[in-house]
Amino acid sequence: MTDKALTIDQVCKDRGKTRVLDDITLSLAPGQRVALLGHNGAGKSTLIKSILGLTPIHGGAIRIGDVAPGTAQARRKTAYLPEAVSFHPALTGREQLTLFAQLSGAQADVPGLLERVGLSDALDRRIGAYSKGMRQRLGLAQVLLGQPKVALLDEPTSGLDPISRQDLYAIIDELAGQGTAVLIASHALTEVEARTDRIAIMRKGRMVADDTLTNLSALAGLPIRLKVRASTNPDALAAELGGNRINGASVELLCSPEDKMEALRRIAGLGDAVADVEMTPPKLEDLYRHYAQEGSR
Amino acid sequence: MTRFLAITRTEMLILRRNRWLLVATLIMVLFALALTFAGSAPTGTLGVDMLTVSVASMTTLSVYLAPLLALMISFDAIAGDVDRGSLSLLLSYPAGRGEILLGKFTAHLAALAFAMTVGFGTAGAVAAFFGGAGAESLIALTRLILTSILLGAVFLALGYLLSALAKGATAAAGLSAGLWLVFVVLYDLGLLGAVVMDKGGSFTQSVFPWVMVANPADAFRLWNIAATEGVAMASGMTGAAQALPFWAAPASLLIWPVLAFALARLAFRRVEP
């Protein structure tokens, strides 16, 4: 028995001579939301397809709960939203979702699910007439079928407008709330930042980071940015603090997380010379660039 | 267990929705009627009723049309889902690949059976009304309909095979056109050439009928012709039929769908969505 919803252990996969997955290890506890980041071609979709048992792996092991991927049991436990999903254009949303409900064997309230994703108006319209965002919502509705143990969402926000994205993350939270482990492959860094428990970053088939945002920041040692606005003389302030002059009245300082309080004390010690201080911790975007692009890793 | 029926239901819905069923049935009715009227001339000279002549003409029609209609539905069955990106999603559900294929096959075969029955049935009824029909010609008509459905089943399964092997729906369509051409036109031309070269030697005597009956389209033709004397006379093709045991053509036409479906299933197993 394992208490993990999904375990990926030292998984390797070759495609021809290229190693597309190289020693990937990752695990998700029930109810955990993990963002899987990486460039196009980093291996995110391949990893997801391996978890679904749609493509064979050449080393290591994957377990959904206790069962191997691709088995009937595993498929009953997983839900999947493919990247840029599409359905047969001749079917209506209701018919398509009914098919999925029958295949999953779950008792499903099809109209209720479609309403949950905001498609109640388009229930009996053909999917051919749906917009990209509506198809994505329909794809999301089928993820909600039958309370999966693991949900794998490949670029779920592509094609969605900002409001729909908010809805999407609300649904992801709901899934996590009922104990589903959610793995979200994404490019939308700023959204993922606030909405996930952990972040995993892939680069060229390798897992280069897997931790919480805070720990990743500490590990990367990226500087905190302090923007100090001078009340009268920015040049004197720059000389005093040793930072760079920016946009006329301000000075910018970079400091490590450990030196942050020291720097703030020095700024506070300057008294009236400082009009305002703005502090920016490293964003996920900086972190992502650090982990996903750093050549030497 | 009932999962393949869910697929069947959905596929039937698609065939009705995209008008395939309507168009296929119309094509069958129109061609069958046209041939029945155009082919009614020799009735008097051969001394058979109009339905018999009509069945002979429709047999020739079905050799071309049944494989064509079958391939028109089946080429898209796997490659189309791969192109749309919906196959990976479908395969992430508990339904197995065999169930998916069986579900599609059931729906497609039902649609084909509907088109065949309505098309040949209408023409048969018209021929019987104008030119009379006997018990024998009615049996011949029933046999024509059933064997046409079998022939359709062969090419449905072969279409799935190509659909699983092809790198996309467009490629699958091209391959299907090629397959149709080979089985329905080129195969016979090749055999004809071989017979002419052989000048009635041992190939023509013993090998040729077996090579011919190995092709499901020819097996279909032989079965319908050999079974009814009147039809054989009307079609003027008795030689090859007489050279074979009576079970050869039915065996070929019954083995082919099973074989082709098994091959399609094997090819589908290797598809990575």
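**Entry: B:Ala128**

I looked up B:Ala128 and found it in helix H7 of chain B, which covers residues 97-131. The model is predicted. Is B:Ala128 buried, exposed or partly exposed? I counted 19 C-beta neighbours inside 10 Å, so B:Ala128 goes down as partly exposed. Buried would need 20 or more.

Next I checked its contacts, leaving aside neighbours within four places in sequence. B:Leu51 and B:Ala133 are in contact with B:Ala128. I also noted B:Thr52, which sits 76 residues from B:Ala128 along the chain. The C-alpha atoms of these two are separated by 9.1 Å.

**Entry: domains of chain A**

I turned to chain A. Its domain assignment gives domain 1 as 6-218 and domain 2 as 223-281. I noted 44 Å between the C-alpha centres of domain 1 and domain 2 of chain A.

**Entry: a sheet in chain A**

I then traced an open sheet of four strands in chain A. The order is E11-E12-E10-E13, and the pairing is antiparallel. Which strands form the edges? They are E11 (244-246) and E13 (274-280) of chain A, and each pairs on one side only. On average, neighbouring strands of this sheet are turned by 30 degrees against each other, direction ignored.

I looked for a helix on this sheet. Helix H9 of chain A, residues 234-241, packs on it. H9 touches E10, E11 and E12 (250-255) of chain A. The direction of H9 makes about 15 degrees with that of E12(A).

Last, I followed one pair. E10 of chain A, residues 224-230, pairs with E13(A) in the antiparallel sense over six bridges. In this pair I found A:Ala230 opposite A:Val274 of E13(A).

Note on methods: Residues are numbered from 1 along each chain as its sequence is written. Chains are lettered from A and ligands numbered from 1 in the order in which they are written. This is a predicted model: local features need pLDDT of at least 70, side-chain atom pairs count only at pLDDT 80 or more; totals for chains, interfaces and linings use all residues. Two strands pair if DSSP finds at least two bridges between them. Helices (H or I, at least four residues) and strands (E, at least two) are DSSP runs, numbered from the N terminus. Axes are lines fitted to C-alpha atoms, for helices over the stretch in contact, and angles run from 0 to 180 degrees between N-to-C directions. Two residues are in contact if their C-beta atoms, placed from the backbone, lie within 7 Å. Domain bounds come from an automatic or database domain assignment. A residue is buried if 20 or more other C-beta atoms lie within 10 Å of its own, exposed if 12 or fewer, and partly exposed in between; C-beta atoms are placed from the backbone.
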